Amino acid sequence: MAHEIVDGSSMQRALTRITYEIIEQNKGVANLVFVGIKTRGVYLAKRLAKRMKQLEGVDVPVASLDITLYRDDRHVPDPQRDPEVKTTDLGVDISDKHVILVDDVLFTGRTVRAALDALMDLGRPKRISLAVLVDRGHRELPIRPDFVGKNIPTSTNETVHVAVEEYDGHEGISID
C-alpha cells in the first residue's frame, strides 16, 4: 500500500528550488532548453519553464523525449506489448544549447543513459545537465543529477510514484 511522503505543496517548493539553482548555476537563462523525459518529466519540465518565465521573464523552450527505442531492457520487440514509438522530433534545435534533461525519479540511471543516447542522435548540445524531482539512489551506472528536488532513500524493492495534476489528477510523491 502506497503512502504519501511528499505533498503537492512540498513538490512545488522543490521545483522552485531547482529553478533557482538552474538560474544561479547557469548565470541566467541564456541558451537553455528543457527536455522532459516522457511522461512525467515533460510536465515537470513545463513547470520549470513556467517558473523560469515568472522569475526571469524569458521563455525557455521545452521539448519532450521518448526514449523507448533506446532502453537497454528491450530485447525483442513485441507488437502486442510494446507501445507504438513515433519518431522523436524535439521541435527545438539543441545544438550548442545547454540542455536540462528533466525526469521525475532517478533510480538505476538506465533511463538517463537512454535519454543521453537519444539526445545525441538529435543534435550536439554544448552541455547537458540532469534535473530530477526525486533521487532514490541505487545507481547501476555512473550517473549523478545536477539538480535534485528531494533525496529519498529507498530499498530496491520499494517503488516511488510521482503524481502530477496534469497527468494523474493529483499531486504528490508516494512509496510502496
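Is N31 buried, exposed or partly exposed? N31 counts as partly exposed, at 35% relative accessibility; the labels run like this: buried is under 20% relative accessible area, exposed is over 50%, and partly exposed is in between, using a 1.4 Å probe and protein chains only. What you're looking at is a predicted model, where local features need pLDDT of at least 70, side-chain atom pairs count only at pLDDT 80 or more, and totals for chains, interfaces and linings use all residues. Residues are numbered from 1 along each chain as its sequence is written, and side-chain values use heavy atoms, with hydrogens and water left out.

**Overall fold**

- The protein chain has 4 helices and 8 strands, where helices (H or I, at least four residues) and strands (E, at least two) are DSSP runs numbered from the N terminus.
- Follow the sequence along and you get the pattern β-α-β-α-β-β-α-β-β-β-α-β.
- The chain is as compact as a globular protein of its length, because its radius of gyration of 16 Å is close to the 16 Å that the globule rule gives for 176 residues. That radius is taken over C-alpha atoms, and the rule is 2.2 Å times the number of residues to the power 0.38.
- Along its principal axes, the C-alpha trace spans about 40 × 35 × 30 Å.

- Of the 176 residues in the protein chain, 44% count as buried.
- Take the contacts (heavy atoms within 4.5 Å) between residues at least 6 apart in sequence: 70% of them join residues at least 24 apart.
- The accessible surface comes to about 9,600 Å², and 47% of it belongs to carbon and sulfur atoms. These areas come from the Shrake-Rupley method with a 1.4 Å probe; for residues, only the protein chains shown count as cover.
- There are 24 positive and 28 negative charges in the protein chain, and their mean positions are 4 Å apart. Lys and Arg count as positive and Asp and Glu as negative, while His and the chain ends are not counted. Each charge is placed at NZ of Lys, CZ of Arg, CG of Asp or CD of Glu.

**An aromatic pair**

- Searching the whole structure turns up 1 aromatic pair.
- Y43 and Y167 make up this tilted pair, at 6.1 Å centre to centre with 40° between the planes. Rings of Phe, Tyr and Trp (its six-membered ring) pair if their centres lie within 6.5 Å; planes under 30 degrees apart count as stacked, over 60 as edge-to-face and the rest as tilted.
- Y43 sits in helix α2 (residues 40-56) and Y167 in helix α4 (residues 165-168), so the pair ties together parts that are 124 residues apart in sequence.
- Y43 is partly exposed, with a relative accessible area of 22%, and Y167 is partly exposed at 46% relative accessibility.

- Most residues other than glycine have a negative phi, and most peptide bonds are trans.
- K38 and T39 are joined by a cis peptide bond, with omega about 10°. T39 is in the loop between β2 (32-37) and α2.
- N31 isn't a glycine, yet its phi is positive, about 70°. You'll find N31 in the loop between α1 (8-26) and β2.
- H138 isn't a glycine either, and has a positive phi of about 70°. H138 is in the loop between β5 (127-135) and β6 (147-151) and counts as partly exposed, at 32% relative accessibility.

**A buried loop residue**

- T154 lies in the loop between β6 and β7 (160-163), and is buried with a relative accessible area of 12%.
- Leaving aside residues up to four places away in sequence, T154 touches R136, H138, V160 and I175.
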